[in-house]
Amino acid sequence: MRTEVVSAVRAGQTSSGSQANDPKQTGGTPVVRPDSSERFAKAIKLLREGEVVALPTETVYGLAADALNADAVAKIFEAKERPRFDPLIVHLPNRKALAEIAMVEAPIASQLIEKFWPGPLTIIFKKCDTVPDIVTAGLETVGVRMSAHPVFREIVSALNRPLAAPSANRFGRVSPTTGQHVLDELDGRIPLIVDGGPTEYGIESTIVRIVDGVIEVLRRGPIPKGALQPFGEVRERISAGVIIAPGQLLTHYAPKTRLALVDDLKNFLTPNGKRVGALFFCSPAGIGEPGPRSTHTAAGVLRDVENFVAVRHLSQSGNLREAAANLFRMLRELDAENLDLIVAERAPEEGIGAAINDRLQRAST
Ligand code: TXA
Ligand code: MG
């Protein structure tokens, strides 16, 4: 199958620098820039016909199919090589559509919807019979969210059907945050990628369920614990022995290269003769962009990092949102350096930092 990439980035916003409407070749796969009138016609047509299409969301790219069409959803599992026991998140065209697929029983859920939809919060509900079993892997519940990404919203609204969409990577791999990442993962396996540029948050949505009036966080994400607390007691079920969400599988976000997670990279000694890459959380304020072979400690002392073959900083300034947005891209970049080991530094455990550490922890196991 030939995978087509259409850019949803408007003229002047393109990051690739290529000309609009100028078909070009990238690694054998044609990249076509449509004019705006037909921007999403192809994606909508394919989805109507029961095909899968990769779409940008505000968190990561999703591989979407009509959630109410079991055959279409099966193609998601095939393209991703995803085991059938791992349920998918359903994305709504509008809030009203929730009643067609799920039962909202807890008043807290309604308040969370009011506050966070559209946005990066997935809520687990009791499902209606309309949702095919393949979507929920036979569970009685369904994970639902409403994406805030303008491209995703335009397409799902035009379709006016809920879309099942897991992250658009092959199973067990790092989620894609650019159209190119999706192409790297799924080239030849899906007919179309709508490229909306890099995603805003860079990590997957926060997943919650309401149990006896308590908000249980099943996956950490862009909506941190603190933002949920005004709505009720919050309990994190992240590292519980029992896996409730298969996304809690320990190796769910693995790069191919072995990854070690440390509290402080300053004190890391690279093993002799090994190709080691470093993923710093930040570089100290006021020093600016460090060179490829050196960085600085907080005290401003020049520190030799020439033992690292490759170095990345999640955020030069230590901004957690920026760090989250860069995380999966930098993991992919380091993964491509043919290293023996990636050493990553923990982010501060606050706000979205907890979700960053969660991903790093899983990548390291
Ligand atoms: O930000 C996101 O959530 C992205 C974008 C594309 O929307 N999607 C995403 O989907 O991360 P996926 O399939 O990669 O991760 C969804 C997680 C899986 O770990 C799945 O096990 C869990 O949600 N999940 C889905 N339905 C569930 C359910 N009914 N009960 C418990 N966990 C569920
Ligand atoms: Mg995923």
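Trainee: In strand 9, what is the bridge partner of Ile124?
Mentor: Gly143 is the bridge partner of Ile124. Bear in mind that this is a predicted model, where local features need pLDDT of at least 70, side-chain atom pairs count only at pLDDT 80 or more, and totals for chains, interfaces and linings use all residues. Residues are numbered from 1 along each chain as its sequence is written, chains are lettered from A and ligands numbered from 1 in the order in which they are written, and side-chain values use heavy atoms, with hydrogens and water left out.

Trainee: How many bridges join strand 8 to strand 9, and do they run parallel or antiparallel?
Mentor: Four, and strands 8 and 9 (residues 141-145) run antiparallel. Strands here are DSSP E runs of at least two residues, helices H or I runs of at least four, numbered from the N terminus; two strands pair if DSSP finds at least two bridges between them.

Trainee: And strand 12?
Mentor: Strand 12 (residues 206-211) runs parallel to strand 8, joined by four bridges, with Val208 as the partner of Ile123.

Trainee: Why is strand 8 largely enclosed?
Mentor: Because five of its seven residues are buried, meaning under 20% relative accessible area with a 1.4 Å probe, protein chains only (exposed is over 50%, partly exposed in between).

Trainee: New topic: where is Ser175?
Mentor: Ser175 sits in the loop between strand 10 (163-164) and helix 7 (179-186). Ser175 counts as buried, at 1% relative accessibility.
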